[in-house]
Amino acid sequence: MEFDHHSEALKTARRKCREALAGKTSVACMGDRLALNSFCLVKPIYDSIAAASTTQAEGIKAIGKHRPDILFTSDDLEQGYGIDLVKEAKLVSTEIKALIFLRRETKEVVKEFPSRFNLPVSAISR
């Protein structure tokens, strides 16, 4: 697949991302260091990042310290589990929004969200 990073669709996506993150702070926590670094260097995201880490413990510490508006995480962390980090983050700040990147997007993992957060299955959008 050819990746055209100058496409109109990506320009639009970058603009929308910039608008959505304007005035917001975020924390990123991912187990893959290359993915974490690459993600944090994306211009609209870079401007909002207050902290970045690779473990659940470091992530929750950063959330407590910086009180970000948004948590970006992956399910796989060097230590801990991203889904548990989201649940813990919600205990620290009920207003925090979370975006989780699933490395293993199986039906079982997707169905895990409602049970972890006491949500009906319909609350999970795909």
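## Exercises around helix 4

The chain's secondary structure comes to six helices and four strands (DSSP runs, H or I of at least four residues for helices and E of at least two for strands, numbered from the N terminus). This is a predicted model, where local features need pLDDT of at least 70, side-chain atom pairs count only at pLDDT 80 or more, and totals for chains, interfaces and linings use all residues. Residues are numbered from 1 along each chain as its sequence is written, and side-chain values use heavy atoms, with hydrogens and water left out.

**Exercise 1.** Work out in what order the elements of the chain run.

*Solution.* Start at the N terminus and read along: α-β-α-α-β-α-β-α-β-α.

**Exercise 2.** Describe how helix 4 and helix 5 pack.

*Solution.* Step one: find helix 4 at residues 56-66 and helix 5 at residues 82-92. Their axes are 10 Å apart, at an angle of about 25°. That makes helix 4 roughly parallel to helix 5 (angles under 35 degrees count as such).

Step two: look at who touches whom, with contact meaning heavy atoms within 4.5 Å. Helix 4 brings Gln-56, Gly-59, Ile-60, Ile-63 and Gly-64, while helix 5 brings Asp-84, Leu-85, Glu-88, Ala-89 and Val-92.

**Exercise 3.** Sort helix 4 into a buried and an exposed side.

*Solution.* First, the cut-offs: buried means under 20% relative accessible area, exposed over 50%, and partly exposed in between (1.4 Å probe, protein chains only). Gln-56, Gly-59, Ile-60, Ala-62 and Ile-63 are the buried residues of helix 4. Looking down the axis of helix 4, you see them fall within an arc of 160°, so they line one face of the helix. The arc is that of the directions from the helix axis to the C-beta atoms. On the other side, Ala-57, Lys-61 and Lys-65 are exposed.

Now ask what covers the buried residues of helix 4. The cover includes helix 5, strand 1 (26-29), strand 2 (49-53) and strand 3 (70-74).

Conventions:
Axes fitted to C-alpha atoms, helices over the stretch in contact; angles between N-to-C directions. Parallel < 35°, antiparallel > 145°, perpendicular 65-115°, else oblique.
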